[in-house]
Amino acid sequence: MQLRNKILAIAMFLLVTMAYAQEEKTFYLDQDQLNQIQESEEALTVWFEEIKTPGVKIEGTQMIFSKEAQKLINDNQYRMGVYKDEYTFADVQQSLAGFEMQKAFWQMLNLYPQHKEDVVRYIYAYDKTFPTDEVLVASFYTYAFFDPQITDLKGGKPNVHRPDIFEDYLRRTQEIVTYIEYFRNEEGKTKS
């Protein structure tokens with residue numbers, strides 16, 4: 001929540017600054033304002049890296065888990081709250097409002113079969129802000145491993161008992177990434 005407040009504060013500050021600068025043509029920052037902008041930029045950089053980082057990475061013979069993945073492993077109540085039988089766009093909206101992009105993208109992966117066009121458009125709308133394909137893949141590798149439909153957790157490690165469901169999520173992820181690449185290429189053609 002602290003990151004969200006920082007991001008909102010800097011966004012408001014920049015909007016006011018831009019409006020003022022349009023009238024006066026010059027706007028000077030004091031040291032506190034400059035420090036606030038720098039802190040927010042650093043927080044945004046960290047946030048962008050976090051949302052692009054998969055929750056589960058395999059390096060050699062080790063599985064490395066992100067903070068979110070560890071929370072899914074260690075907090076059964078949290079895990080049960082994340083995974084639902086049916087997801088809604090209200091779930092997505094709530095996750096987006098909390099700046100939980102990976103969770104929102106996971107929810108959209110679950111909505112994808114019934115709402116393909118809406119999900120692809122919704123995800124692609126964020127592509128100007130961050131690489132949505134990378135976030136989508138990171139989301140898959142964060143949440144698919146711990147979905148109770150797919151895995152059991154034994155000794156803090158995921159044991160996949162339904163690889164067919166896992167593969168279906170992977171197929172959905174690849175399909176959406178293909179659409180994102182297509183839209184990027186089409187947009188590039190119109191700009192040329």
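Trainee: What percentage of the 192 residues of the protein chain count as buried?
Mentor: In this predicted model, 34% of the 192 residues count as buried. Buried means under 20% relative accessible area, exposed means over 50%, and partly exposed lies in between, with a 1.4 Å probe and protein chains only.

Trainee: What conventions apply to the model and its numbering?
Mentor: Residues are numbered from 1 along each chain as its sequence is written, and side-chain values use heavy atoms, with hydrogens and water left out. Because this is a predicted model, local features need pLDDT of at least 70 and side-chain atom pairs count only at pLDDT 80 or more, while totals for chains, interfaces and linings use all residues.

Trainee: How many helices and strands does the protein chain have?
Mentor: There are 9 helices and 4 strands, in the order α-α-β-β-α-α-α-α-α-α-β-β-α along the sequence. Both are DSSP runs numbered from the N terminus: helices are H or I with at least four residues, strands E with at least two.

Trainee: Which residues of helix 3 are buried?
Mentor: In helix 3, residues 67-74, the buried ones are Ala69, Leu72 and Ile73. They lie on the same side of helix 3 because they cover an arc of only 100° around the axis, the arc being that of the directions from the helix axis to the C-beta atoms. Lys67 and Asn74, on the other side, are exposed.

Trainee: And what covers the buried residues of helix 3?
Mentor: The cover includes strand 2 (62-65), helix 4 (76-82), helix 8 (132-143) and strand 3 (151-154).

Trainee: How does strand 3 run relative to strand 4, parallel or antiparallel?
Mentor: Strand 3 and strand 4 (residues 157-160) run antiparallel and are joined by 4 bridges; two strands pair if DSSP finds at least two bridges between them. Asp152 has Asn159 in strand 4 as its bridge partner. The hairpin of these strands has 2 residues between them, and Gly155 takes a positive phi near 65° there.

Trainee: Which residue has a positive phi although it is not a glycine?
Mentor: Phe99 has a positive phi of about 60°. Phe99 lies in the loop between helix 5 and helix 6 and is partly exposed, with a relative accessible area of 22%.

Trainee: Turning to the largest nonpolar core, which residues touch the most other members?
Mentor: Of its 40 residues, they are Tyr83, Met101, Phe105, Trp106, Ile123, Phe146 and Ile176. A nonpolar core is a set of buried Ala, Val, Leu, Ile, Met, Phe, Trp, Tyr and Cys residues joined through side-chain atoms within 4.5 Å. Helix 6 gives the largest share of this core, 7 residues.

Trainee: What does Phe105 touch?
Mentor: Not counting residues up to four places away in sequence, Phe105 touches Ile123, Phe130, Thr132, Val135, Leu136 and Ser139. Contact here means heavy atoms within 4.5 Å.

Trainee: Where does Gln102 lie, and is Gln102 buried or exposed?
Mentor: Gln102 lies in helix 6 and counts as buried because its relative accessibility is 9%.

Trainee: Which side chain does the side chain of Gln102 join in a polar contact?
Mentor: The partner is the side chain of Thr142, at 2.8 Å. The side chain of Gln102 also reaches the backbone oxygen of Ile51 at 3.0 Å. A polar contact is a pair of N or O atoms within 3.5 Å; within protein, one must be able to donate a hydrogen and the other to accept it, and residues adjacent in sequence count only if both atoms are side-chain atoms.
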